[in-house]
Every structure is written in structure tokens, then in C-alpha cells.
Amino acid sequence: MITELADFNQNYLDSLPGKEEIVISDKGLYHTIICDGTPAGVVGFIKPKSETQTDWGFVQIIIASEFRGRGLVKIAEDLLAEKYGLKKLLATIKLENIASMKSHKKLGFKILSEEKIMELRTKGLLKENEVRLEKIY
Ligand SMILES: CC(C)(COP(=O)(O)OP(=O)(O)OC[C@H]1O[C@@H](n2cnc3c(N)ncnc32)[C@H](O)[C@@H]1OP(=O)(O)O)[C@@H](O)C(=O)NCCC(=O)NCCS
């Protein structure tokens, strides 16, 4: 299976069920995931606010239904990290998004400390029904 990151296509993203789970921002860089020549999802990241921090970001990923369960989350996120020289990926995941929680934990993402989570919630940076995870590359 050959997986590549191609140019982002908004119409393709709009066609995917579950697209409301990812954030499309003008601070983000996104790609269509191509698997053996066929579009299989979208992966990208939102850069941190500070322009001086360029080696991490908030990952966004959606896999097309027919491509789920094939290990594409890891392949696509690894390709993204490599392409942009990212040393850390953060993921904000809704507690009820079992597939995303399972998938990201399996790939080595760890939930931030309870203290950090509380701090983010207090600052209004994380909703009650969300958690934040990170993976260091
Ligand atoms: C989250 C998402 C990218 C995962 O893609 P995927 O290819 O299915 O991921 P993986 O196969 O690596 O892992 C999914 C795991 O969740 C499990 N799973 C999927 N749906 C589930 C459900 N409803 N209940 C319980 N487990 C579920 C799968 O069995 C798998 O676990 P396993 O490896 O132990 O079998 C995909 O579901 C998706 O695109 N969702 C919509 C967009 C989204 O939520 N993006 C993430 C935003 S934070």
C-alpha cells in the first residue's frame, strides 16, 4: 500500500462523514491522504499561535469510512510530522470519540497530566467533554 500526502481539496473533505470532528483553520496546513492512488482522508495540523514555535502543532485527521481500521492514522500522521519537521503533535479529542481516542492512544499519544488538563479547562482552552493528548516524535 503506497500512501502519500497530496494537495488539500475542500470538496473532498466536505464529502466525508465525520468532517465536523476536525477543525479547518487559516492557521492550518492540510493534505488529502492518497492511498494507492485513491483519496482516503485528510490530515493536517494547526500551527501554534507563536510564530517562533514551528516544530509542533495540533493534529487534525479524518479517514474515509472505507479506509478505516487499516493503520492509516499512523502512516498519515508520521508522513505529516516528517514533511514539516514536527517534533510534537497535540490532539484535542472529544471523550465520546472512542475511535479517535483508541487510535491515538495506540499510536503513542498520552493524555496530558490532570493538572495541565484542569489548567487548560480553567483558561477556557479545553471543553469539559474534551481531553488533550500529545505525542513526542
Ligand atoms: C478517528 C479516525 C481517524 C480513526 O481512524 P481508524 O482508521 O478507524 O483508526 P484505527 O483503526 O487506528 O483505530 C480505531 C480503533 O477504534 C475502534 N473503534 C472504531 N469505532 C469504534 C466504536 N464505535 N466503539 C469502539 N471502538 C471503536 C477500532 O476497532 C480501532 O481499535 P482497534 O485497533 O483496537 O481495533 C476515524 O474514525 C475518523 O476519521 N473519524 C471521524 C473524524 C474524527 O473523529 N477525527 C479525529 C478528531 S480528534
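**Legends to close-up views of the predicted model**

**View A. Helix H3 in the shell around the ligand.** With six residues, H3 gives the most to the shell around the ligand; helices (H or I, at least four residues) and strands (E, at least two) are DSSP runs, numbered from the N terminus. At least two shell residues each come from strand S4 (56–63), helix H2 (72–84), strand S5 (88–94) and helix H3 (98–106). Of the 19 residues around the ligand, the nearest are Gly18, Glu21, Arg68, Ala99 and Ser103 (near: C-beta atom, placed from the backbone, within 6 Å of the molecule). The shell comprises ten nonpolar, five polar and four charged residues (nonpolar: Ala, Val, Leu, Ile, Met, Phe, Trp, Tyr, Cys and Pro; charged: Asp, Glu, Lys and Arg; polar: the others, Gly among them).

This is a predicted model: local features need pLDDT of at least 70, side-chain atom pairs count only at pLDDT 80 or more, and totals for chains, interfaces and linings use all residues. Residue numbers start from 1 along each chain as its sequence is written.

**View B. The open sheet.** Seven strands are arranged in the order S1-S2-S3-S4-S5-S7-S6, with mixed pairing (two strands pair if DSSP finds at least two bridges between them). Strand S1 (3–7) and strand S6 (110–111) are the edge strands, each pairing on one side only.

View C. S6 and strand S7 (residues 130–136) run antiparallel and are joined by two bridges. Lysine 110 stands opposite glutamate 134 in S7.

**View D. The chain trace.** Four helices and seven strands make up the chain's elements, following the pattern β-α-β-β-β-α-β-α-β-α-β along the sequence. The C-alpha trace spans about 45 × 35 × 25 Å along its principal axes.
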